[in-house]
Amino acid sequence: MSSASPPPSCRVLVVEDEPSIAENIEYSLRTEGFEVAVAGTGEEALERFAEIAPAFLILDVGLPGMSGFDVCREIRHRSAVPILFLTAREGEIDRVVGLELGADDYVVKPFSPRELTARVRAILRRSAGTATSSTSAPADAGSAGLRVGKLAVDPERRRASWDGVTLNLSRYEFGLAEVFAAHPGRVYTRDQLMDLVWDEPEASLDRTVDAHIKSLRAKLREAGAPDDLIVTHRGVGYSWKETG
Ligand code: CA
């Protein structure tokens, strides 16, 4: 194995009921030096998880019986292992990014095995590197954080609130809020938001940005914020309403 190989302890559990997809994933991960176990149902996934304590979980949403969402919830009760969802439909994407499922990322079927392994590596790098890397956003405020109208974003504590109400944001929603709070009024294209907020921009899709904007809007609305804070610029992108 080359020096770029993951450590031998890097076990990945793949939960996927379609054998051909599972085999593809297994093959490409093994090629890159990962140890791989496969489970075809949610129930089996929970058993295998307890047995082998994987360092990473790839989880299909559409499983027979227990869904990927259910499995994720169960796992999250006992572990903070990175989880990457495999989704097949737009509606599933909305649920993945909208609910507080504690997933780290997702890919949409059909995907290339290379894209998938790149994503796994990126997430593992991120969870290994944690606080040392200065990831996202043009945060030009000090430790006091950013404030635009009633939106407060604290990049150091990774916390955001609207009018004192805590916003429970996923990683990417938080990244978007951070970018908007740093430059209210500035119009960002989807590509720019991708570059600023996502770790592997080339591996993602425009609609990923749209889906996260949608869920960020929903969470702001829940916190009592007005509907028009994030402005859609048709054919261009998004901005934060300056007077928000
Ligand atoms: Ca499936």
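Reply: In this predicted model, 4 bridges connect strand β3 (residues 56–60) with β4, and the two strands run parallel. Within that pairing, D60 has L86 of β4 as its bridge partner.

Opposite F85 stands Y106 of β5.

The setting of β4 (residues 83–87) follows from its burial: 5 of its 5 residues are buried, so the strand is largely enclosed by the rest of the structure. Its side chains are divided between two directions, with I83, F85 and T87 pointing one way and L84 and L86 the other. Residues on both sides are buried.

For context, the protein has 8 helices and 12 strands. Of its 244 residues, 48% are buried. Among contacts between residues at least 6 apart in sequence, 60% join residues at least 24 apart. The accessible surface of the protein is about 11,800 Å², and carbon and sulfur atoms account for 49% of that area.

The largest nonpolar core has 31 residues, of which W162, F180, L220 and W240 touch the most other members. Two or more residues come from each of β6 (146–148), β7 (151–154), β8 (159–162), α6 (171–182), α7 (190–197), α8 (206–222) and β12 (237–240). The greatest contribution is that of α6, with 8 residues. Apart from this core lies another, of 24 residues, which includes A45, V61, F69 and V71.

W240 illustrates how the largest core is connected. Once its neighbours within four places in sequence are set aside, W240 is in contact with V148, L151, W162, F180, P184, G185, R186, L220, L229 and I230. These partners include W162, F180 and L220, which are named with W240 among the residues that touch the most other core members.

The structure holds 4 aromatic pairs. In one of them, the ring centres of Y172 and W198 are 4.6 Å apart and the planes meet at 15°; an angle under 30 degrees counts as stacked, so this pair is stacked. Y172 belongs to helix α6, whereas W198 lies in the loop between α7 and α8, so the pair ties together parts that are 26 residues apart in sequence. Both partners fall under the 20% limit for burial: Y172 is buried with a relative accessible area of 4%, and W198 is buried at 5% relative accessibility.

F180 and Y188 form an aromatic pair with another geometry, edge-to-face, at 6.3 Å centre to centre and 65° between the planes. F180 and Y188 are both buried. Ring pairs also bring W240 into a cluster with F180 and Y188.

Technical notes
Residues numbered from 1 in each chain as written. Predicted model: local features only at pLDDT ≥ 70, side-chain atom pairs only at ≥ 80, totals over all residues. Heavy atoms only, no water. Core = buried A, V, L, I, M, F, W, Y, C linked by side-chain atoms within 4.5 Å. Buried < 20%, exposed > 50% of the residue type's maximum accessible area, 1.4 Å probe, protein only. Contact = heavy atoms within 4.5 Å. Phe/Tyr/Trp six-rings, centres within 6.5 Å; stacked < 30°, edge-to-face > 60°. Pairing = 2+ DSSP bridges. Areas by Shrake-Rupley, 256 points an atom, 1.4 Å probe, with all protein chains shown as cover.
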